[in-house]
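Here are a few friendly notes to read alongside the model. Please keep the structure open as you go through the points.

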Amino acid sequence: MHHFSHLQLLRLSKMTSQVAENFTKYFENWMIQLEELLKQLVIVPRETSYVNDHELLVSKMTTHHKNYYTAKWAAAHEDILAFFTPMWLSPLEIVYSWITGWKPSMAFRLVSGGGGAFSDEELKNIDGLRVKIRGEEEKVEREMERQQVAIGDRKMVELARIKNENDELVELALKGLRMSLERVMKMADCVRLKTLKGLLEILSPLQSVDFLAAISTIQIQMRKRGRKRINVD
């Protein structure tokens, strides 16, 4: 995993921001809607005669994810550092996150033949996509490492520590860092979206329903476990 330490980032940002508070509310609502969509994915009849229902649910879920990234990118443009120290996630969710979200290669473990056995061509296409996505993940990780070197530089940390509103040079350096982090986050999000799009193009509508149900279940369960752990502590 490649993340800046919270200490380093909090030196460059306020502990909370209005952007973070607003996105927290948005994310809570988005997760409630995800649970409602999951219920529909689970109860839909599995017979192929219900293929129109399968396609409609896949379309609804795809739109739901696209809406999330639209909102995320708009908020991150206002306060990118909030997404590298997310107040809306539990420590458990943060541990399993990869550059502000889920790791794309993880999705391939959730692809099952629940909607029927895969053909040789489907298996070949899935494997080809897996290799391509892993290469794109590595590219994002290399870029993230470059940014870690920049923020880890002693001079950069010192600049952040002595930052004041009148120091235009410091503000310029921090602006450059924020722009770089925003670019890396968008690179990571694009790999996530390519993974979803690529798999849904390969899978049948019923297999897509099963895959989206699996990935949603993990996200929801991890959130519930993370919150339980916070309440216990």
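**Notes on the core and the helices**

1. The largest nonpolar core has 54 residues, and those with the most contacts inside it are Phe83, Ile99, Ile126, Leu199, Phe211 and Leu212. Such a core is a set of buried (under 20% relative accessible area, 1.4 Å probe, protein chains only) Ala, Val, Leu, Ile, Met, Phe, Trp, Tyr and Cys residues joined through side-chain atoms within 4.5 Å.

2. This is a predicted model: local features need pLDDT of at least 70, side-chain atom pairs count only at pLDDT 80 or more, and totals for chains, interfaces and linings use all residues. Residues are numbered from 1 along each chain as its sequence is written, and side-chain values use heavy atoms, with hydrogens and water left out.

3. Two or more core residues come from each of H2, H3, H5 (120–152), H7 (168–202) and H8 (205–232). H7 gives the most, with 10 residues. Helices here are DSSP runs (H or I, at least four residues), numbered from the N terminus.

4. Ile126 deserves a look. Leaving aside neighbours within four places in sequence, Ile126 is in contact with Phe108, Val111, Phe118, Leu199, Ile202 and Leu203; contact means heavy atoms within 4.5 Å.

5. How do H2 (residues 18–43) and H3 lie against each other? Their axes come within 11 Å and cross at roughly 170°, the axes being lines fitted to C-alpha atoms over the stretch in contact, with angles from 0 to 180 degrees between N-to-C directions. H2 and H3 are therefore roughly antiparallel (over 145 degrees).

6. Lys66 is found in H3 (residues 51–78). Lys66 is exposed, with a relative accessible area of 52% (exposed means over 50%). The C-alpha atoms of Lys66 and Leu193 are separated by 8.3 Å, although 127 residues apart along the chain.

Technical notes
Parallel < 35°, antiparallel > 145°, perpendicular 65-115°, else oblique.
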